[in-house]
Amino acid sequence: MRSLSHPLPTDRSSIWLALLRHLSDADPTWGAGGDVEEGFAGLGDVDLVAPHPTWAQLEGSFLRWARERGLGPVVSCPHRAGTLVLLALGPPGELFFELEATATKYLRGRVLYRAEDLTGLMTMDPRGFRRIRPGARSLLKFMPNGIKWGGRRRWSRDKAERVLEGVRADPEGARAAARLFTPIHEALLRAAQAAADGRWDRRALLEVEAWALARSAGHPREALGRLGERLRGRRNCAVLRAIGSGRRVPGDPEQWLAEVERDHDVHRVD
C-alpha cells in the first residue's frame with residue numbers, strides 16, 4: 001500500500017475545497033448537504049447530495065482528486081442505505097477523508113426525499129462550491145436525524161439550537177424544504193422552529209411521525225427490508241465499523257484493507 005509518510009495539516013479546508021469546487025462544476029445536481037466545517041477542520045466527514053445515476057461519475061472524480069493529492073487507497077462502500085461512502089486514506093493513524101453522498105433519505109423504511117428533489121434548494125457558498133441553503137440544510141438535518149420514536153428529542157437542547165440556527169437565519173429556505181413534506185410541512189416547520197428556540201413541540205412531531213408511519217404501513221415489506229438492510233450493513237461492514245470508531249483504520253492497514261476488499265471496491269493508487 002502506498003501511504004503518505006508526512007502528516008496532513010489539521011486544517012484540511014484547502015484539500016476539501018479543491019474537491020467541492022470541482023464537483024460543483026462537474027454536475028449541477030451535486031452539492032454539499034451538511035455542515036462542512038468539521039470535515040474542513042479534520043474532525044469529521046463531508047456530506048454531499050448526489051443522485052444515484054451519477055455515482056460512478058462521482059467515484060471517478062473522488063479517485064482522481066485523491067491521486068492528485070497523494071491520498072489513498074480509496075474505498076467505495078455501498079452498505080449505508082441510499083448513500084455512497086467514499087474514503088481516501090492518508091498517513092497511518094490519521095483520520096481518513098470521508099465523503100458521504102446521499103441519493104435517497106429514508107424514514108421508517110420509506111423514501112423521505114431524493115437528491116433530485118433538493119436541486120432547487122441549493123446556493124453557491126462564497127468559497128466557490130454549491131451547497132444546500134442554510135434554512136433547508138437545518139430542516140433536512142432535523143428531519144429525520146433529530147427525532148426519536150414518539151416525537152421524543154434525540155439531540156440535546158444546545159445541539160438542537162446550534163444545528164437549527166439556519167431555520168432562524170434563513171426562514172424562507174426552511175419553508176422551501178418543508179414543502180417537500182406535504183401534507184405535514186406546517187407541523188414540521190413548527191417543530192423545527194420550536195427546537196431552534198430551545199423548546200420542543202412534541203405534538204407537532206407526533207403529527208409528523210403519524211404521517212411517516214401511515215406511509216410505511218402501506219408498504220410493510222419494503223419498510224422491513226430497509227430496516228434489515230440497515231442492521232446487516234452496520235453489523236457486517238468493516239468500513240462502517242471504522243467510521244463509527246473514530247474514522248481511522250483500526251490496526252494494521254494492510255490487514256484491514258484485505259478484509260475490506262472482500263465486499264468493497266478498493267482502488268490502489270500506486
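The model is predicted, so local features are described where pLDDT is at least 70 and side-chain atom pairs only at pLDDT 80 or more, while totals for chains, interfaces and linings use all residues. Residues are numbered from 1 along each chain as its sequence is written, and side-chain values use heavy atoms, with hydrogens and water left out.

**Stop 1: the largest nonpolar core**

Select F142, M143 and F181. Within the largest nonpolar core, which has 37 residues, these three touch the most other members. A nonpolar core here is a set of buried Ala, Val, Leu, Ile, Met, Phe, Trp, Tyr and Cys residues joined through side-chain atoms within 4.5 Å. Buried means under 20% relative accessible area, exposed means over 50%, and partly exposed is in between (1.4 Å probe, protein chains only).

Now colour the elements that give two or more residues to this core: β7 (110-114), α4 (134-145), α7 (171-178), α8 (185-196) and α9 (202-217). Helices (H or I, at least four residues) and strands (E, at least two) are DSSP runs, numbered from the N terminus. Which element gives the most to this core? It is α8, with seven residues.

Stay with M143 and show its surroundings. Leaving aside neighbours within four places in sequence, M143 is in contact (heavy atoms within 4.5 Å) with L107, L112, Y113, F181, L188, V208 and W211. Apart from this core lies another, of 30 residues, and I15, L20, F97 and F129 are among them.

**Stop 2**

Two packed helices are described by the angle between their axes and the distance between the axes. The axes are lines fitted to C-alpha atoms, for helices over the stretch in contact, and angles run from 0 to 180 degrees between N-to-C directions.

Select α4 and α7 together. Their axes are 6 Å apart, and the two helices pack at an angle of about 50°. That makes α4 oblique to α7; angles under 35 degrees count as roughly parallel, over 145 as roughly antiparallel, 65 to 115 as roughly perpendicular and the rest as oblique. To see where they meet, show G135, A136, L139 and L140 in α4 against G173, A174, A177 and A178 in α7.

How far apart are the axes of α4 and α8? They are 10 Å apart, and the angle is about 100°. That makes α4 roughly perpendicular to α8. Here L139, F142 and M143 in α4 meet L188, L189, A191, A192 and A195 in α8.

**Stop 3: charged pairs**

Side chains of opposite charge can pair when their charged atoms come close. A salt bridge is counted when a side-chain nitrogen of Lys or Arg is within 4 Å of a carboxyl oxygen of Asp or Glu, and by this rule there are 18 salt bridges.

Start with R157 and E161, whose closest N and O atoms are 3.1 Å apart in a salt bridge. Both sit in helix α5 (residues 157-163), and because they are four residues apart, about one helical turn separates them. R157 is partly exposed at 49% relative accessibility, and E161 is partly exposed at 25%.

Then pick R190 and E207, a salt bridge with its closest N and O atoms 3.7 Å apart. This pair links distant parts of the chain, with R190 in helix α8 and E207 in helix α9, 17 residues apart. For a network, select E37, D125, R127 and R131, which are joined by salt bridges that share partners.

One further pair is R69 and E68, whose side chains meet in a salt bridge (3.2 Å, N to O). Is E68 buried or exposed? E68 is exposed, with a relative accessible area of 61%, while R69 is partly exposed at 33%.

**Stop 4: backbone details and a loop**

Most residues other than glycine have a negative phi, and most peptide bonds are trans. Zoom in on G72 and P73: the peptide bond between them is cis, with omega near 0°. P73 is in the loop between α3 (55-68) and β3 (74-80). M143 and P144 are also joined by a cis peptide bond, with omega about 20°, and P144 lies in helix α4.

Move on to R247, a residue other than glycine with a positive phi, near 60°. R247 is in the loop between α11 (238-244) and α12 (253-260).

Finish at T54, in the loop between β2 (46-49) and α3. T54 is buried, at 11% relative accessibility. Beyond neighbours within four places in sequence, T54 is in contact with D27, T29 and W30.
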